[in-house]
Amino acid sequence: NYPEMVRVLAGGGSLNSMIHQAYKRGSVSAALKEKFRKKAMSWLSLGAVGFGEMTAEHLSFNSHHPYLSAPANHPLFLILSDVAAKYGVPIDFHMEAIPSNMKLPGLFESPPNPPTLKANIPAFESLLSHNRRTKIVWVHLGWDSTGKRGPEHTRKMLKKHSNLYMSIRLPTKMHLRHTPKSSRIFDSKSTIKPEWKEVFLEFPGRFVMGSDEFFVTPYGARPRHGSTGSTTGSAKFLSQLPVVVAKAIAMDNPIKLYKLK
């Protein structure tokens, strides 16, 4: 009923599966590359305004939640980057930050997760450098399971890669997930931490909101899931920023990135 108010990103199920299957096989044929390219272009021909949510590193919270890992500079990711650049669309990218090899955080179990997580930032930077015309939106800032995606690392990445953007995720029940406090944007009183606020004021054109809301309780019931409350958290976040910065993050930036009206 409202086609002018909704835009869709595609490939999170199809293109993502092709990448992870190819990585497990350890080879990428010319035929697969062409099949992948055509599939990506077919989504755009159907009206998708970008690709995502693509996944390079996804940790498993339980037996029903998958562990996924593939290098961000995998040949098929590079092809997707070139297609996105050619048609001027962004890629939403899910990847836990692992600057160097590290032990699996105590929150998670192995298996299904590996006991040691391999560094993935170098491969991610390789993807970002591959085609500077490709806009990549690194999703879920503020919801970090490794504790490595803090304000200083965020600033460093944004300074180094002008085609990197980030979407902010602020569930109000973060404490139920026991995610690392070091990367959380809010303090215990739902106030933006000063060190994070400096980053948002320094790069107002590089962020969008990404609520990733979970509706897991009856309407009106008190939510008990750690990923709930993103809509409320987003509103609290925006209310604490200068109006011009809040407007950029909430409206201007997504309009430009995703070609909204």
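Five nonpolar, two polar and three charged residues make up the lining of the largest cavity, where Ala, Val, Leu, Ile, Met, Phe, Trp, Tyr, Cys and Pro count as nonpolar, Asp, Glu, Lys and Arg as charged, and the others, Gly among them, as polar. Before we look further, please keep in mind that this is a predicted model, in which local features need pLDDT of at least 70, side-chain atom pairs count only at pLDDT 80 or more, and totals for chains, interfaces and linings use all residues. Residues are numbered from 1 along each chain as its sequence is written, and side-chain values use heavy atoms, with hydrogens and water left out.

Let us stay with the cavity. The structure holds one cavity of 30 Å³ or more, and the space in the largest cavity is about 60 Å³. On a 1 Å grid over the protein atoms alone, a cavity is a set of points where a 1.4 Å probe fits but cannot get out, and lining residues have an atom within 4 Å of a point. Grid points are joined across faces, edges and corners, and the volume is the space filled by probe spheres set on the points. Around the largest cavity you will find His94, Met95, Glu96, Ala97, Trp138, Val139, His140, Trp143, Asp144 and Arg149. Strand S4 (91-95) and strand S7 (136-141) are the elements that give two or more residues to this lining, and S7 gives the most, with three residues. Helices (H or I, at least four residues) and strands (E, at least two) are DSSP runs, numbered from the N terminus.

S7 also holds His140, whose phi is positive, near 70°, although His140 is not a glycine. Most residues other than glycine have a negative phi, and most peptide bonds are trans. A cis peptide bond joins Gly52 and Glu53, with omega about 0°; Glu53 belongs to strand S2 (residues 51-58). Pro111 and Pro112 are also joined by a cis peptide bond, with omega about 10°, and Pro112 sits in the loop between strand S5 (102-103) and strand S6 (116-117).

Now for the helices. Two packed helices are described by the angle between their axes and the distance between the axes. Axes are lines fitted to C-alpha atoms, for helices over the stretch in contact, and angles run from 0 to 180 degrees between N-to-C directions. Helix H4 (residues 121-130) and helix H5 (residues 151-160) have axes that come within 11 Å and cross at roughly 30°. H4 and H5 are therefore roughly parallel to each other, a term for angles under 35 degrees. In their contact (heavy atoms within 4.5 Å), Ile121, Phe124, Glu125 and Leu128 of H4 meet His153, Met157 and Lys160 of H5. These residues divide into four nonpolar, one polar and two charged.

H5 has a further partner in helix H7 (residues 194-202), packing at an angle of about 15° with the axes 9 Å apart. That makes H5 roughly parallel to H7. Here Pro151, Thr154, Arg155, Leu158 and Lys159 of H5 meet Glu195, Trp196, Glu198, Val199 and Glu202 of H7. This contact divides into four nonpolar, one polar and five charged residues.

Definitions and conventions:
On a 1 Å grid over the protein atoms alone, a cavity is a set of points where a 1.4 Å probe fits but cannot get out, and a pocket is an open set with protein on both sides within 12 Å along at least five of seven lines; lining residues have an atom within 4 Å of a point. Angles under 35 degrees count as roughly parallel, over 145 as roughly antiparallel, 65 to 115 as roughly perpendicular and the rest as oblique.
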